[in-house]
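Welcome, and please take a look at the structure below. The report that follows walks through a few of its features.

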Amino acid sequence: MVGGATVGVVFWILDRWVGRGAAWAGALVLACCQLHLAYSRIALTDAPFTFFYTLGLAVALARIPRSDGDWVGRGRLWSTGLVLGLVTTLAMYTKYHGPIIWLSAACFEWFLIVAQCLAIRWRWV
């Protein structure tokens, strides 16, 4: 079940950020990946960790504004921050290297801050 949910989250990420064709291709590649299928069938922690990591990536990407002027409001930042913390906690309880989700999210936040600073700087030039 978790492996199928991971395919759905990958589809959602790619559909939102790249396009519908890439979303179908990415979901199909993951769904046919032998390693993903093997770990989804046996009861190990790799499949749930992959799901939580992918879900954390989706939440972190939801915090980044898109190019169409979708600037993130404070309420949305707080809510996605809380969800990201919950997903990171679940990943940490699933497998020992769960904090890598937080590190990835911190990199996204840093890129968001740099992009906003560059946009403000170039607006005044």
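## Aromatic pairs

Rings of Phe, Tyr and Trp, with the six-membered ring used for Trp, are taken as a pair if their centres lie within 6.5 Å. In this predicted model, the structure holds 3 aromatic pairs. One of them joins Phe11 and Trp24, whose ring centres are 4.9 Å apart. The angle between their planes is 65°, and this arrangement is edge-to-face because planes over 60 degrees apart are counted that way.

Phe11 belongs to helix H1 and Trp24 to helix H2 (residues 20-32), so the pair ties together parts that are 13 residues apart in sequence. Is Trp24 buried or exposed? With a relative accessibility of 56%, Trp24 counts as exposed.

## Helix H1

Helix H1 covers residues 2-17, 16 residues in total. From first C-alpha to last, H1 reaches 23 Å, close to the 22 Å expected at 1.5 Å a residue.

Which residues of H1 are buried? They are Gly3, Thr6, Val7, Val9, Val10, Ile13 and Arg16. Just after H1 comes Gly19, which takes a positive phi of about 150°.

The relative accessibility of Ile42 is 45%, so Ile42 counts as partly exposed.

Terms used
Residues numbered from 1 in each chain as written. Predicted model: local features only at pLDDT ≥ 70, side-chain atom pairs only at ≥ 80, totals over all residues. Heavy atoms only, no water. Buried < 20%, exposed > 50% of the residue type's maximum accessible area, 1.4 Å probe, protein only. Helix = DSSP H or I, 4+ residues; strand = E, 2+ residues; numbered from the N terminus. Expected span 1.5 Å × (residues − 1). Phe/Tyr/Trp six-rings, centres within 6.5 Å; stacked < 30°, edge-to-face > 60°.
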